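Got a minute to go through a model and the cut-offs behind its labels? Here it is.

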Amino acid sequence: MKKQLNRYKFDKISGMMEKQFGKIEKGRENDYDMLFAPMEGNLLKLHRENEERNGRQAIEAIHVCLLLIDGYLTDTEYDLNGYRTPDNEAFVTGLLMSFDPFTNEEVKAAASKYWDLETPSDLLSYFQAPVVCLLRIEKSIDLWTKNRGPNGYFDFLEQTIGSIVTRDQKMNYAVLVKA
């Protein structure tokens, strides 16, 4: 049975996950470039496909992804009806395709070589980096939205990584290996 979700938990999932996983220290973002590239690249591709997709919808998608990860880790299936919307669904899918072994079979095949995705400790370790990256992207979206409006984050991406993000609809992914 799906666990009911209220708006408060949906809105607070980032803070809850930051308490559990921490955050990327200022100046250490480059350590996560391998994950940022497909996450942000997929978001940019999806925004290019439909420029009506905005920062607020991307943040909603991040919250959905964080709740799905929390569900994997706690063996909970949240009722995301009303939170996964036609407006944010493309971003949800694009983000999940970039790192989630339960969404992307290619990620699962690659991750399974290094991680036992059935073991709670390996699952927790596997999701460490994607969670802190999602949290950092959310902060970036918030900052650029406040400074430049609803598409400020995508304008920023276009200026910084736009020239290296292909103009196709292939969703890219990365898998970090165990250290």
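What follows is a run of questions and answers about this structure.

This is a predicted model, so local features need pLDDT of at least 70 and side-chain atom pairs count only at pLDDT 80 or more, while totals for chains, interfaces and linings use all residues. Residues are numbered from 1 along each chain as its sequence is written, and side-chain values use heavy atoms, with hydrogens and water left out.

Q: What makes the pair Glu49 and Arg53 a salt bridge?
A: The label needs a side-chain nitrogen of Lys or Arg within 4 Å of a carboxyl oxygen of Asp or Glu. Here the N to O distance is 2.8 Å, so the pair qualifies. A search of the whole structure turns up 12 salt bridges.

Q: Why is Arg53 called buried?
A: Buried means under 20% relative accessible area, exposed over 50%, and partly exposed in between (1.4 Å probe, protein chains only). Arg53 sits at 13%, so it counts as buried.

Q: What is the state of Lys146, buried or exposed?
A: Lys146 is exposed, with a relative accessible area of 65%. Lys146 forms a salt bridge with Asp142 (3.1 Å, N to O), and Asp142 is partly exposed at 35%. The two are 4 residues apart in helix α6 (residues 120-148), so about one helical turn separates them.

Q: How do you know that the span of α3 agrees with its number of residues?
A: The expected span is 1.5 Å times one less than the number of residues. For the 20 residues of α3 that should be 28 Å, and the end C-alpha atoms are 28 Å apart, so the two agree.

Q: What makes α3 largely enclosed by the rest of the structure?
A: Of its 20 residues, 16 are buried, and that's why it gets the description. At the start of α3, a side-chain oxygen of Asn54 comes within 3.0 Å of the backbone nitrogen of Arg56. Just after α3, Asp75 has a positive phi of about 55 degrees.

Q: How many helices and strands does the chain have?
A: There are 7 helices and 0 strands.

Q: Why is the chain called as compact as a globular protein of that length?
A: The radius of gyration is taken over C-alpha atoms, and the globule rule is 2.2 Å times the number of residues to the power 0.38. For 179 residues the rule gives 16 Å and the chain has 15 Å, which is close, so the description holds.

Note on methods:
A polar contact is a pair of N or O atoms within 3.5 Å; within protein, one must be able to donate a hydrogen and the other to accept it, and residues adjacent in sequence count only if both atoms are side-chain atoms.
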